[in-house]
Amino acid sequence: MESTRVDRWLWAVRLTKTRPDAAAACRGGHVRINDRPAKPATTVVAGDEVRVRVGGVTRVVEVVRAIQKRVGATDAATCLIDRTPAPTPEAAISVARRDRGAGRPTKRERRVLDRLRGSEP
């Protein structure tokens, strides 16, 4: 049975841009293998479930094939099964945010925010 380091595998299947990014995600506690925290040197084998939080999005993937070297995007897609749940409709709605330090909203801005939130006709 073939196995590889999780940081190397995350980089090889293009879930992270660089291998140091994958290692940093592991050290930061953003990677879990079979619901256990993973260090960069933790090994993955076919059948493992990997949860990784990259760019504010949590991806859930199943390892189909453990590869060590970076391959083309089409080959990399065959090495995993994406089991990430669909985002909730509430998450897709953007929220109006004010810049930090912008002060209190004016009366006009407050009315616009109320219309966006649906509390005023």
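Read along the sequence, the protein follows the pattern β-α-α-β-β-β-β-β-α-β-α-α, which comes to 5 helices and 7 strands. Helices (H or I, at least four residues) and strands (E, at least two) are DSSP runs, numbered from the N terminus. This is a predicted model, in which local features need pLDDT of at least 70 and side-chain atom pairs count only at pLDDT 80 or more, while totals for chains, interfaces and linings use all residues. Residues are numbered from 1 along each chain as its sequence is written, and side-chain values use heavy atoms, with hydrogens and water left out.

**Overall dimensions and surface**

- The radius of gyration, taken over C-alpha atoms, is 20 Å for the protein, whereas a compact globule of 121 residues would have a value near 14 Å. The globule rule is 2.2 Å times the number of residues to the power 0.38.
- Along the principal axes, the C-alpha atoms fill a box of roughly 65 × 30 × 25 Å.
- Of the 121 residues in the protein, 25% are buried. Buried means under 20% relative accessible area, exposed means over 50%, and partly exposed lies in between (1.4 Å probe, protein chains only).
- The accessible surface is about 8700 Å², and carbon and sulfur atoms hold 51% of that surface. Accessible areas come from the Shrake-Rupley method with a 1.4 Å probe.
- Among contacts with a separation of 6 or more, 42% join residues 24 or more positions apart. A contact means heavy atoms within 4.5 Å.

**Charge**

- The protein has 26 positive and 14 negative side chains. Lys and Arg count as positive and Asp and Glu as negative, while His and the chain ends are not counted.
- The centres of the two sets lie 6 Å apart, with each charge placed at NZ of Lys, CZ of Arg, CG of Asp or CD of Glu.

- Five strands form an open sheet: 5 strands in the order 3-2-5-6-7, with antiparallel pairing. Its edge strands are strand 3 (36-37) and strand 7 (80-82), each of which pairs on one side only. Two strands pair if DSSP finds at least two bridges between them.
- Strand 2 and strand 5 pair in the antiparallel sense over 3 bridges. I33 has V50 in strand 5 as its bridge partner.
- Strand 5 (residues 49-54) and strand 6 (residues 57-63) run antiparallel and are joined by 6 bridges. Along this pair, E49 stands opposite E62, R51 has V60 as its bridge partner, and V52 has R59.
- The two strands form a hairpin with 2 residues between strand 5 and strand 6. In the turn, G55 has a positive phi of about 65 degrees.
- Strand 6 also pairs with strand 7 in the antiparallel sense, over 3 bridges. Here V63 stands opposite L80.
- In a regular strand the side chains alternate between the two faces of the sheet.

- R14 has a phi near 70 degrees, a positive value in a residue other than glycine. R14 lies in the loop between helix 1 (6-12) and helix 2 (19-27), and R14 is partly exposed, with a relative accessible area of 38%.
- N34 has a phi near 50 degrees, which is likewise a positive value in a residue other than glycine. N34 is found in the loop between strand 2 (31-33) and strand 3, and N34 is partly exposed, with a relative accessible area of 42%.
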